[in-house]
Amino acid sequence: MDTFYLAHMVNSRCDLYGRFGPVTKRTMSGPRPVVLSGPSGAGKSTLMKRLMKDHEDVFGFSVSHTTRNPRPGEEDGKDYHFTTKDAMQEGIDNGEFIENAEFSGNLYGTSKAAIEDVQAKNLICILDVDIQGVKRIKETDLNPIYISIQPPSMEILEKRLRDRQTETEESLQKRLEAARIDMELSNEPGVFDVVIINDDLERAYEELKDILSDDIQKVQEAKS
């Protein structure tokens, strides 16, 4: 998850729908998408990468758009669709994005085209979004499966983040505050279909696969 999601979550706690662009409702064809959400350090990315590696013929990842500059090692079309602010704003105004947000002068969002590119291959599209994006997607007709990956406790989450040794104390505290908000909001009735507590990676992965087993089988049968 990019840093902007963390700051946006902290600054928008009382405005779950704030600063999002308009979305035009439209039903998309293809396998039902999966929305994965959860705080940094919960293990969401690890579970998602393993799921896609074990079932590369079943899942596809929705590549988000951003107007920020690429970081070293990032590839256009793989890590993000890097674009200009004018071009992305035009797309937002035209209702081409499922969800979008702005932070520090940069726009971020998930386009309908990015999802359709995955679905056109008859793959289950995985969307990695923050809690704000979850709320916004619920205003659309995308009809995904909403899954939240959560840590067993704040103490364990803090230890995981500190063990990475990739954070300054300031950025770590921002992530922890964002995680507190995420954990609180994930317990709201009707926000998620399933909440997985990642206290053991293998168990959490098996639970995730079990939840998606019927959808995985449908895609595999359609390809056979």
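**Salt bridges along the helices**

Modeller: Let's start with K159, which forms a salt bridge with D163, their closest N and O atoms being 2.8 Å apart. A salt bridge here is a side-chain nitrogen of Lys or Arg within 4 Å of a carboxyl oxygen of Asp or Glu. This is a predicted model, where local features need pLDDT of at least 70, side-chain atom pairs count only at pLDDT 80 or more, and totals for chains, interfaces and linings use all residues. Residues are numbered from 1 along each chain as its sequence is written, and side-chain values use heavy atoms, leaving out hydrogens and water.

Back to our pair: K159 and D163 are four residues apart in helix α6 (residues 154-164), so about one helical turn separates them. Helices (H or I, at least four residues) are DSSP runs, numbered from the N terminus. K159 is exposed, at 51% relative accessible area, while D163 is partly exposed, at 49%. The cut-offs are under 20% for buried, over 50% for exposed and in between for partly exposed (1.4 Å probe, protein chains only).

Now look at helix α8, where R203 and E207 are four residues apart, again about one helical turn. Their side chains meet in a salt bridge at 2.7 Å, N to O. R203 is partly exposed at 35%, and E207 is partly exposed at 26%. Salt bridges with shared partners also join R50, D54 and E202 into one network.

One more pair: E74 and R68 meet at 2.9 Å, N to O. Here R68 is buried, at 7%, whereas E74 is partly exposed, at 21%. By this rule, the count comes to 14 salt bridges.

Key: Helices (H or I, at least four residues) and strands (E, at least two) are DSSP runs, numbered from the N terminus.
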